[in-house]
Amino acid sequence: MIDYSVALQGVYSVIREPLLILLIFAGVAMGIMFGAVPGLTSSMAITMCLPLTYGMSQTQGMALLVALYVGGMSGGLIASILLNIPGTPSAVSTCFDGHPMAASGKAYRALGIGILCSFIGTVFGLICLFFIAPLLAKVAIEFGPFEYCAIAIFSLSLVISLTGKDIIKGFISVFLGMLFGTVGLAPIDAAKRFTFGQTQMNDGLKLISILIGLYALTEILKVAEAVRRPQKVIVQEVRMRGFGFSLKEFRSQMFNILSSCVIGTGVGILPGLGGGTAGMLAYTFVKNRSKYPEKFGTGIPDGIVASEASNNAVIGGAMIPLLTLGIPGDGATAILLGGLMLHSISPGPLIFTKNGAVVYGIYTAIFIAAFAMLVIEYFGMRVFVKLLNIPKNLLFPIIITMSFIGAFCISNRIFDIWVVFFFGIVGYLMSKWGFPKPPMVLGFILGSTFESNLRRASQHMALDPSVILTRPIALVFIVITVLILTISILNMRKKKQTEE
Amino acid sequence: MNKKNLLSGGALLLFCFFSWVQSLKIKVAQGAGVSGISSRAMPQALIIAIAALSVLLIAREVIAAPAESRRIPSFSVEKALGACVTFFKDNYEVLISFGLLALFIILLKSLGFIAAATVFLMSEMFILTPIGKGKYVKMALLSIFCAFFIYFLFVRLLNVYLPAGLAGNLFIG
């Protein structure tokens, strides 16, 4: 039950201070810069600015931190679209259609669509947060090892849509990603796996290092390959009015936007999955129900819509378990939890009673941050697209240097940069041998979730094998997975027969 | 026959063999509370799956190939050396880029960020520029400026730790 008087108090505490609104704009701008540079993330931006909030009030401190979160989540689309290098893990799926659209001369359109969908996704997540946070938190708390395992299997089954034409290579890619995810200490019993006696490997491989290696290094190597070839000059279309969508097109994308927002919010509520998973799930969902799935990956708006709407909807979703249960939904909210503790805000069921005004102040800050993100990125489009005018032989080495810093900053270790180098080799070989990279990323993200929950579930089942029958949510996901796999295989056979 | 698929299948099988040997070193927990799936189970299941798919990949190419192309090609040292030279001639920019990336990481620890970044930026820009089309002095100045600017931005403004080296300590402190 929403106490509207407390809500109004919270809203007023933010909007009455022009300096606070300026702080939110500054936070969003900084978040966008961090999100745009491959290797730097909103988590890093929040970590750096956390000490700055010591002297601020509760509302001011949290407003700055959520502004960084919103900006960082959205900023990743800039590098994804313009350079084919995901700025953040959440923006991996934006590369699939964002970059081909930019490469065909429609960079403004791609950015405009991404920016608008980011805004819509953030606002959708915020609406869910505002109205149904406690209800969704109750559902989230029902998720145990069986449910997480079932969701991981369901998500991995969708990899069929990401495998491209060669399903064998797609599955090799996903299993390789899952295998790389086993490096380090095993869940539950902390057995060392593939550490080669190096203590640095006990912590496992980092997703950021893998993404920089697979995408950023591969791009610079593609530029190196093409040095002696005549360079194709891409003339960018003159900047369109608005966001690159006509109203008719926007209406035709409504279902894609809404479904992606729902997926993003749903994934955000479940700790450990994050924006990368949300983006890929939404992308595969939209692709599977599309009338023209063969066009995905060629630069169509649907792909950008799915990715950006879902990864920004994760923001609201991830805040739900954070505020109502004290459980962070992703990496950035884990640091936001630190921010809440720092400002003496105790997350949990009583947060609305003890710190109601601050909570509604946070909601207001998220809305203003979403608006700030829209404005800054919309007017910044002209500057962003100018990046494409910088010769690649000058731009890419600088980007790689900054990406290396991003990898180094994770744990201040040279080892993480060597991981980037290793995955640069892996990514280059995958490109040459025709292996798709997105399934590897999805396998890496979901593999550890799948294994740890599978092992926990197997411990429960060792005591009572019939316990799975008491987990209806898990059973539903397993049934849906089997159905999806069956339909996909039948469709593929049908398509092959038609082609023959 | 797609030679890339044969090569990738073979490389993956070698990788699986190596990974399998490493997986045997994983200690399996004993004692109370242990049940079902061990720490070794998942990695080994994945290795078997990758190996099976790699065999399928190779088999697919061999089965689909015309009968006359299925025979094992003759090997000679001259042919192999010739192939290596051709490979290097066609891809030297890529190979040198790999080398420069590795050099950057090695120099980062020993010389510090500014020196390592300057060397890397200058060399990589040179490699990525078609011969005769680059303004090499401008590239050198840009490399030095970027190295210092990035170091200043991250270390002084954002309080991020980067290995300083001599240049960092002398010029920025």
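1. Basis. The model is predicted, with local features needing pLDDT of at least 70 and side-chain atom pairs counting only at pLDDT 80 or more, while totals for chains, interfaces and linings use all residues. Residues are numbered from 1 along each chain as its sequence is written, chains are lettered from A in the order in which they are written, and side-chain values use heavy atoms, without hydrogens and water.

2. Extent of the interface. In chain A, 61 residues are in contact with 66 residues of chain B (contact: heavy atoms within 4.5 Å). About 5,400 Å² is buried between the two chains, and carbon and sulfur atoms give 81% of that area (buried area: the accessible area, 1.4 Å probe, that two parts lose on being put together, summed over both). On the side of chain A, A:Ile168, A:Arg228 and A:Trp433 lose the most area to chain B, together 11% of what that side buries.

3. One salt bridge is counted between chain A and chain B (a side-chain nitrogen of Lys or Arg within 4 Å of a carboxyl oxygen of Asp or Glu). A:Asp166 and B:Arg60 meet in a salt bridge through their side chains, at 2.7 Å from N to O. Helix α17(A) gives the most to the side of chain A that touches chain B, with twelve residues (helices: DSSP runs of H or I, at least four residues, numbered from the N terminus).

4. A:Thr401. This residue lies in α17 (residues 392–411) of chain A. A:Thr401 counts as buried because its relative accessibility is 0% (buried: under 20% relative accessible area, 1.4 Å probe, protein chains only). A polar atom of its side chain lies 2.8 Å from the backbone oxygen of A:Pro397.

5. Helix α3(A). Six of the eight residues of this helix (42–49) are buried, among them A:Met44, A:Ile46 and A:Met48. The buried residues pack against α2, α4 (58–83), α14 (331–342) and α17 of chain A.

Technical notes:
Helix = DSSP H or I, 4+ residues; strand = E, 2+ residues; numbered from the N terminus. Buried < 20%, exposed > 50% of the residue type's maximum accessible area, 1.4 Å probe, protein only. Polar contact = N/O pair within 3.5 Å; in protein donor to acceptor, adjacent residues only side chain to side chain.
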